[in-house]
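Please open the structure in the viewer and keep a selection tool at hand.

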Amino acid sequence: MSAPAFRRLLAYCRPGFEGECAQELAALDARQSGAGYARAARGSGHVEFVSDDAPALAGSWRDLVFARQLLGVLGEARDLPPKDRLSVLLPMIEGEDPADGPCRWCDAWVEAPDSDAARELAPLCRGLEAALVAALKQRKLIDRASRWRLHLCMTATDAAYVAVAERTLSAPWPGGIPRLKFPRGAPSRSTLKLEEALLVLLDEGERERWLEPGMRAVDLGASPGGWTWQLVARSLHVTAVDNGPMDAALLASGLVDHLRADGFRYRPTRPVDWLVCDMVEQPRRVAELMAHWLAEGLCRHAIFNLKLPMKKRHDEVRLCLDLVAGALAASGRRVEVRAKQLYHDREEITVYARVA
Ligand SMILES: C[S@@+](CC[C@H](N)C(=O)[O-])C[C@H]1O[C@@H](n2cnc3c(N)ncnc32)[C@H](O)[C@@H]1O
């Protein structure tokens, strides 16, 4: 089955970060034809990008920091009749390819962007998704082995994008948001940030290989222990560095050493497997510290949070990521960097880096 044709992309992002998301898409597009342009309303939680190279860019979800999901747009519907939206949407979905027949879908999701206005569409999305999947099954257009997933993105009760994703090149969560339950016993909500980072920035095989019981980790800015809790839950030994107090149950686990020290000055006596860092500090200072640990071989893997400034957030992110890559290149090491603004991140992003 050939790829569905599209010239427009649809990215989901955190509301308020549409500009950064659009800047990233434009930067990617500039490496191709550079003729693309973005349409984005502030606070809408989504960005539309029009480009002749849209199909080439569509698989770039993992490379984008500010996009939670990246889809190819098949069409856009307005003035949907409230009693029978599918009568308009299904003909847009059923397009025949003369060579290969109709496109079949591994699944169909009806979503709304993560904005205040669109969040109220959640009940409508649930009902419409059940009706859509039933209609597609009846037409034999659902094939679990298909590469393609169908997405309807409702932007109002009467407006929707019909979009498509290649399932291995897109976020495997509706809305691009992994729904995580707060783990019982974790000492802070920050714990969800590290859990989401491990889920989004590593794949299943990497999580198994790179997070083995008995490995050693350092947590800079660890108090009260949400990130340490995630590492201890995977049976890692953690040196938790923070002048603030650590959760008593974590300390009783026998897997945590608490050091009341400055995270910028602390260095381990021998290299560790993991460095994690959630210190609230200027992003460049944190990026420099992480680059130093990686370049000196003090850790193999690092996950760190970069708190973003109010302005020029895209530029600051690029500067910090380039700073890490540059420092590693200067030390003769190659670094692999992956970064995302996670659902549990606010005015910040989370970065995974490892010496390759
Ligand atoms: C956002 S909180 C960390 C929350 C923690 N990750 C958790 O999951 O519970 C930031 C922490 O960084 C610590 N911090 C800030 N600057 C620091 C420094 N220079 N050295 C060590 N800790 C620092 C603060 O004391 C604070 O506890």
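**The ligand and its surroundings**

Begin at P224, where a backbone N or O atom lies 3.4 Å from an oxygen atom of the ligand. Please bear in mind that this is a predicted model.

Next, select S188 and display its side chain. A polar atom of that side chain is placed 2.7 Å from an oxygen atom of the ligand. Then select D242: an N or O atom in its side chain is 2.8 Å from a ligand oxygen atom. Now show the surface of the ligand; on its own the ligand has 610 Å² of accessible area, and the protein covers 76% of this.

**The cavity**

How many cavities of 30 Å³ or more does the structure hold? There is 1, and the largest cavity contains about 50 Å³ of space.

To display its lining, select W61, R68, W173, G176, E196 and V200, together with K340, Q341, L342 and Y343. Colouring these lining residues by class gives 5 nonpolar, 2 polar and 3 charged residues.

Notes:
Residues numbered from 1 in each chain as written. Predicted model: local features only at pLDDT ≥ 70, side-chain atom pairs only at ≥ 80, totals over all residues. Heavy atoms only, no water. 1 Å grid on protein atoms, 1.4 Å probe; cavity = no way out; pocket = protein on both sides within 12 Å on 5 of 7 lines; lining within 4 Å. Points joined across faces, edges and corners; volume = space filled by probe spheres on them. Nonpolar A, V, L, I, M, F, W, Y, C, P; charged D, E, K, R; others polar. Polar contact = N/O pair within 3.5 Å; in protein donor to acceptor, adjacent residues only side chain to side chain. Areas by Shrake-Rupley, 256 points an atom, 1.4 Å probe, with all protein chains shown as cover.
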